[in-house]
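Subject: Structure handover

Hi,

Here is the structure I promised to pass on. Have a look at it first, then read my notes below.

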Amino acid sequence: MKNKLGDFDVVVIGAGHAGIEAAAAAAKLGSHTALFTLTLDGVGNLPCNPSIGGTAKGHLVREIDALGGIMGLAADATFLQSRMLNRSKGPAVHSLRVQTDRRRYHDYMKRTLERIPGLELKQAEITSVYIEDGKVRGVYTKLHAFYSCRAVVVATGTYLGGRIFVGDASYASGPDGHHAALELAESLKQAGVEMRRFKTGTPARVNRRSIDFSRLPVQKGDEEIVPFSFLTPGEGLENKVVCHVAYTNENTHRVIRENLHRSPLYGGMIEGIGPRYCPSIEDKVVRFADKERHQLFIEPCGEDTDEMYLQGMSSSLPEDVQDAMYRTIEGLGQLEIMRPAYAIEYDCADPLQLAPTLEFKKIEGLFGAGQFNGTSGYEEAAAQGLVAGVNAARRVQGLEGVTLPRSGSYTGTLIDDLVTKGVTDPYRMMTSRSEYRLFLRQDNADERLTPLGREIGLVTDERWERFLQNREIRQSERERLEKTLLKPAQVKALLESRGTGVPDASVTAASLLKRPQIFYADVAGLIGPRPEVTPLLAQSIETEIKYEGYLARQQRQIKEVRRAESMRIPDGFDYAPLKNLRLEAREKLARVQPKNLGQAARIPGVSPSDISMLAVELAARRGREEQA
């Protein structure tokens, strides 16, 4: 091959959050891996906001960590402020979110990748994937170099066909002024990949000195900090910054409404579909016209910079309108914009073309991850990247792909939604998307996934020892709580202070903890604390005891679902002859090609009666095969 510069097992295109996890996973599993990026200065970039985690997203970060990924460790090493969201609600929706130092996060990720054996980090634009006989054979760069490989993970983020919009100005670009990848999309289309256009946006970055913080409410971090990674010690972690809260007002909305005709979003210049759950400020003002104000958060981009981020105020309005709009907000009257807000349009693939392993069904060795698959968010991207990287390595090594069931993780839920239901706008993970969210908590991610990570080969000896240690602490503490008896006199003062009745006889510490007004810290104060029970373990123990009945019911539901998922559907199954199935069901089943009966039941347009008919047909075919 002309201009051949190297041979790899796996090539990953894009060094954002999906590409990082994909490349690291593939290399750790023994595959000689190359990670290509348009610029080494963009490795692990945080172009949208300088934070990791959030509602449901924090669960994904914990799951990535439990499987042996990098994101949680990076967030712990570079955070500026940590907050546990939704504390006033049930434990199923508690979600960790941290502000990170944007530059330090990039440095951490780049340095980590540089030190992984078997992984080569390269700056180059991949312009085409070479596919022969339906199989990946290599990639070409902009400089006409060729690298052979047997698997490619496309993790291009918003760079693929990227186009920036600010008012009536638009130009080809990736985020933060990095150049776009303009040729790769055409190569993928020629290979038969169905592409579409999505869009996202980001707010302005502003100078700290131009903000009057005395007029803005302060938002502090948590006093008790819980790390993302199960490997990070909780001791010694502290917040370094505070954030602030601000609100739009009627003047802000007036400026926006008077200039909607200058917005590329409403003027028809932007064709891509934007994220439903993260709209621009002009979209908010139009869609929620009855709201008198919208909240925004003023967050630092780093410890050694005065650049601040206006979370919640993304826009594609012209610069002069942005300037006028932001200055109407209390405390921002003298605002200095350092980087204007913008919208970015980009190419991505229809995820219905993917198998649950994130490999394209019709192209052996081609995988997709992150925003390329139609999602939004760093955390969604990283979770997909890890799964794609694992399966790319296993494809090369001749091993069966790994599929995460939706009943066992948010990562599995995310991927199942993508490949079974598809997307019409950028997909965002939310706790409401899972029917098993009481079981899929962030505090038990290690219990759910670390054994799988160990089996795959990603979990190190250090992480495995920590997991076994935590499991022993969790089990022994539960036993202590269930066996320790407390006399009425011992619990009287506590229960009366919480307005609940005092028992007539001795009760176990566990039964006391089941009361909604009582928490683990209360019980530990009565029977003696155990220093090795960290806040995260304490939360896990408390939840398992308080919600024991509900968790048992959910486990029964999961068992039923897994029974349906054990009924496999052969690859290439022909649904056309099944006249007992409705035409819509046959068409949808043929498009998605579900791997099992459980996945088939989740396809929109496939009814329970269709599934019953399909189950009968599968059973009959299995019987005929056994007789033969």
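**Helix H10 and the rest of the chain**

Let's start with helix H10, residues 378–396: its 19 residues should span 27 Å at 1.5 Å a residue, and its end C-alpha atoms are 27 Å apart, so the two agree. (The expected span is 1.5 Å times one less than the number of residues; helices are DSSP runs of H or I with at least four residues, strands are E runs of at least two, and both are numbered from the N terminus.)

Before going on, note that this is a predicted model, where local features need pLDDT of at least 70, side-chain atom pairs count only at pLDDT 80 or more, and totals for chains, interfaces and linings use all residues. Residues are numbered from 1 along each chain as its sequence is written, and side-chain values use heavy atoms, with hydrogens and water left out.

Back to H10: 18 of its 19 residues are buried (under 20% relative accessible area, with a 1.4 Å probe and protein chains only). Just after H10, Gly398 has a positive phi of about 75 degrees.

As for the chain, it holds 21 helices and 24 strands, and 58% of its 628 residues are buried. Its C-alpha trace spans about 80 × 80 × 50 Å along the principal axes. Of the contacts (heavy atoms within 4.5 Å) with a separation of 6 or more, 73% join residues 24 or more positions apart.

Cheers

How values were computed: Buried < 20%, exposed > 50% of the residue type's maximum accessible area, 1.4 Å probe, protein only.
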